[in-house]
Amino acid sequence: MRYLTTIILLLGLFFPQSRLFGQDLPDEMWFSPDGERLVLGGRATSGFYDEADIPLIELTFTQNDYWTLLSNNYDTGTDLMASVSIDGEVYDSVGVRFKGATSYFLNFGQKKSFNISLDYMIDNQNHRGYETLNLNSHFEDPSYLREVFFNSIGRNYTPGLKGNFALLSINGQDWGVYANIQQLNGEYLKEWFLSNDGTRWRALRPNFGFGGGPGGPGNIFGTGVSTLNYNGPDSTDYNNDYTLKRTEKADPWSDLIRATDKLNNLPLNQLADSLPKYLDVDKALWFIAHEMVFTDEDSYVQKGGMDYYVYWEAETGRIVPLEYDGNSCMKISTVSFSPFFNENDPRFPLMNRLFAVPQLRQRYLAHLRTILEEYYVVNATQAKVDAYANLLDSLVQADPYPIYSYGEFTTEVNRIKNFLNDRHSFLSNYSELNVSGLDILDVNYATNGQSKVPPNAGEGVQVSARFNGNAGLYKAFLYYGSGWVGAFQKVEMLDDGNHNDGVAGDGIY
């Protein structure tokens, strides 16, 4: 475990007997093989979103003018009733509508994106546990694969959507290949969080359009108002900038107001210790790191206030930014995108405020290194792109309603592979990332002097860690918590020879 920082953060030590708490863990939270770490993410998709499978989705409308009806319904988001067969399993009375913004308005062909609600008329109707399907048309992505790739890599270290590719037919006519992307809804939240009892917003204005809105065209996407900015104490200054999707609270806006107030207005020297009570800072840093590494142009870090979600977690009382979309990333024009992009712009407080705190800046850098060293290994990511491209090749050639030609597809696949090589090289040589650091060689715990013996309630635990020397090490802290989720408490670890840490200065804390 490597952290190239001047402040070492020890996270995630888990006592095995804690499994007896009786809490059912979400699917994406699991125990390491040795039982000593609680891990979030990193599992391959399976079932309906198995990346090796290409489900066949067949829509049937009874109306001969269904396309006109779908078009007329777009502005209101009204569903049109249909039936659907998914790999031969038939579901009646489902709701279908066009989805997307630019992929609808600027896409002048017939390969539109679709939202399919299986539970439109029949409560709890679902396919393999999923009630809502999203079929995305690959608009602005001639490679067809960006969104699936972006989410697949990110799910190793930050909550992300499942996805694969699907074939669509409408009233017996082939409609070609689509990206089949999981809906960010209650089903998704229960896979990553202890429940879906919290409040969910999309960082998108309820009446989003292309006219510029308040503040003119520069403010079209919500930059500066729906980028976790503090807009004041009045909830009406938030419900115009975030779309409330679901809540169980009478006053959900107070939670968002409180968190944005703390994020934007706490003194910088209090952020590291106080902000985690209101914002899941570590998930926020992973969220930003993922977007920065793969240069997502259509979310928080660049556009701002668009195509990301905010979740207030009921169990912790904290807000969490969540990734959404992913078809506008990994472009050659952004290969030299700074990992500290927009850090000097106060309209982007997740960068402007968090990066200004040395401890949090170093944690963010550690997350970037982890992605580059463990998940963004050039040979592996290029092989992943090749695997997707091979899966798609014949389907793209046969697509009856392509937005892009087969030649554009093959060219764009090669561009992505060039991006992956050049972006990795750029980040690896970035001055703040390309530094030598310390290795955490061993972490151990003992109860009543017995190593690796879990404590009973009320018993003290001694935790020790060994580093490969003291070069660059300022302080070491143990971060600990009492439950599955929530803010950590911290205690300083010492290497003074007086706390069962061996000889002073020997690298054992």
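## Close-up views of a predicted model

The accessible surface of the chain comes to about 21,300 Å², and carbon and sulfur atoms hold 47% of that area; the areas come from the Shrake-Rupley method with a 1.4 Å probe, and for residues only the protein chains shown count as cover. This is a predicted model, in which local features need pLDDT of at least 70, side-chain atom pairs count only at pLDDT 80 or more, and totals for chains, interfaces and linings use all residues. Residues are numbered from 1 along each chain as its sequence is written, and side-chain values use heavy atoms, with hydrogens and water left out.

**View 1. Welcome to the whole chain.** Here you can find 11 helices and 20 strands (DSSP runs, H or I of at least four residues for helices and E of at least two for strands, numbered from the N terminus). The C-alpha trace spans about 85 × 50 × 45 Å along its principal axes. Of the 509 residues, 54% are buried (under 20% relative accessible area; exposed is over 50%, and partly exposed is in between, with a 1.4 Å probe and protein chains only).

**View 2. Helix α3 and its cover.** Take a look at residues 146-154, which form α3, a mostly covered helix with 9 of its 9 residues buried. Among them are Arg146 and Glu147, and also Val148, Phe149 and Phe150. As a reminder about helices, an α-helix has 3.6 residues a turn, so residues three or four places apart point the same way.

**View 3. Arg200, a buried arginine.** You will find Arg200 in strand β12, residues 199-202. Arg200 is buried but has no salt bridge (a side-chain nitrogen of Lys or Arg within 4 Å of a carboxyl oxygen of Asp or Glu). Its nearest side chain of opposite charge, Glu248, is 9.2 Å away (Lys and Arg count as positive, Asp and Glu as negative; His and the chain ends are not counted). Not counting residues up to four places away in sequence, Arg200 touches several residues, including Leu184, Thr243, Arg246 and Tyr309 (contact means heavy atoms within 4.5 Å).

**View 4. Gly47 in its loop.** This glycine sits in the loop between β4 (38-40) and β5 (56-60). Gly47 counts as partly exposed because its relative accessibility is 33%. Leaving aside neighbours within four places in sequence, Gly47 is in contact with Asp53 and Arg128.
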